[in-house]
Amino acid sequence: ATNTGALMAQAAASSVNKDMETSMERLSTGKRINSASDDAAGVAIASRLTSEIRGTNQAIRNAMDGQALIDTAEGAHEEVTNILQRMRELAVQAANDTNSSADRDSLQLEMTALTTEIDRIAASTKWAGKSLLDGLTPYDGSSVTALETSHSTNPATFTLQIGSGVTAKDTIVATIKATSASALGVGGTSGNPVFTSESVDTDGASADTTISTSGSKITIGGTAADQAAVVSLSVDGVSISADFSNAVFTADAAGQSAILAQALEDGLSAAYTITDNGDGSVDVTKSGSVSVASQTDAATAIGNIDDAIVLVNAQRASLGAISNRLDSTVSNLTNISSNLQAGRGRIEDADFASETTSLAKSQILQQASTAMLAQANASKQNVLS
């Protein structure tokens, strides 16, 4: 005969064992959801929350790294400001006509050394190998140098990923302009630039084009136009080439100086002023001069240094604002991460009180079902008797 009681007790024991194993798994892992079968929708939601949590936690680290980068750049700007203040002090001293020519020469020595130090700071201020103040963008080993970059052009841009997504709201862009002496407009230590490596075209033409310099003036020579000529020179170390084989070349002096002036404008930074005299000559002057060779030069230097201080102060204000903004960013991201983790916990974490109670219940039922199975089997022995 079928032992119905034993079958029922066996089925109950099997079900209770399954419940007990589930409770033990949840208590041992601390998770309510250990596989998709536990909660299919919950697994998907928890996975999305995990992406947001891990992305947010990394964004917090990104923001803190970005703040350290910004603060490094701002610290360098502070020292540049100190140098500019000293340069201004020297210019004010040199403007006083109690100074002799020798006195002003001595003041110029320190002025020149300070501009060199500004250039060194601009070139050497780095974060994890990335230059911050040379105005290079992007940081790909480009040959552009700070000495050839104005403060207002080619700013370095840093995009800080401060969110777990890919929208514009998940980034902050920090812009750092070049802060070399030339970029700030205080790179010149004399009224005239230094011309070197003046070339003379000798391509075998009957009348070669020549180039010569004197003071601030560059003069094109030669008795006639040589339309195959390419002449070159160096202006404060920057190489300039003028190609007189241009298709629109004109043989007169005005055409020659126009081509030379264009080549100079293309090759030099905003720290230089190019004047086409229209007579075969071009004047090149330093708009950022900090010469203190005379009372007039010193007065000009004071104005140029004041302009440089304004530029640096504006940049420092911008960097300080971004640094303060990142403080709020980190605080907000930390709060978001905490709330996301709490939300995920409510979905996938085990309720230890509930699971402990369930385990105790299952253990009691297991013992009872085992006992009933034994009783059911024993009761059928009466048939044999």
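# Charged side chains and their partners

Visitor: In which helix do Arg86 and Glu89 both lie?

Guide: Arg86 and Glu89 are 3 residues apart, about one turn of the helix. This is a predicted model, in which local features need pLDDT of at least 70, side-chain atom pairs count only at pLDDT 80 or more, and totals for chains, interfaces and linings use all residues. Numbering runs from 1 along each chain as its sequence is written, and side-chain values use heavy atoms, with hydrogens and water left out. Helices are DSSP runs (H or I, at least four residues; strands are E, at least two) numbered from the N terminus, and the helix holding both residues is α2.

Visitor: What N to O distance separates the side chains of Arg86 and Glu89?

Guide: Side chains of opposite charge can pair when their charged atoms come close. Here the pair forms a salt bridge (a side-chain nitrogen of Lys or Arg within 4 Å of a carboxyl oxygen of Asp or Glu). For Arg86 and Glu89, the N to O distance is 3.0 Å.

Visitor: Is Arg86 buried, partly exposed or exposed?

Guide: Buried means under 20% relative accessible area, exposed over 50%, and partly exposed in between, with a 1.4 Å probe and protein chains only. The relative accessible area of Arg86 is 28%, so Arg86 is partly exposed.

Visitor: In which helix does Glu110, linked to Arg86, lie?

Guide: The side chains of Glu110 and Arg86 meet in a salt bridge, 2.9 Å from N to O. This pair links distant parts of the chain, 24 residues apart. Arg86 belongs to helix α2, and Glu110 to residues 101–124, helix α3.

Visitor: How far apart in sequence are the parts tied together by Glu348 and Lys31?

Guide: The side chains of Glu348 and Lys31 form a salt bridge at 3.3 Å, N to O. Because Glu348 lies in helix α5 (residues 295–348) and Lys31 in the loop between α1 (4–29) and α2 (40–94), the separation of the joined parts is 317 residues.

Visitor: Is Glu348 buried or exposed?

Guide: Lys31 has 30% relative accessibility and counts as partly exposed. Glu348 has 14% relative accessibility, and therefore counts as buried.

Visitor: How many salt bridges does the structure hold?

Guide: The bridges described above include Glu348 with Lys31 and Glu110 with Arg86. The total for the structure is 9.

Visitor: In which loop is the place of Asp279?

Guide: Asp279 is partly exposed, with a relative accessible area of 49%. Its loop comes between two strands, β10 (272–276) and β11 (281–286).
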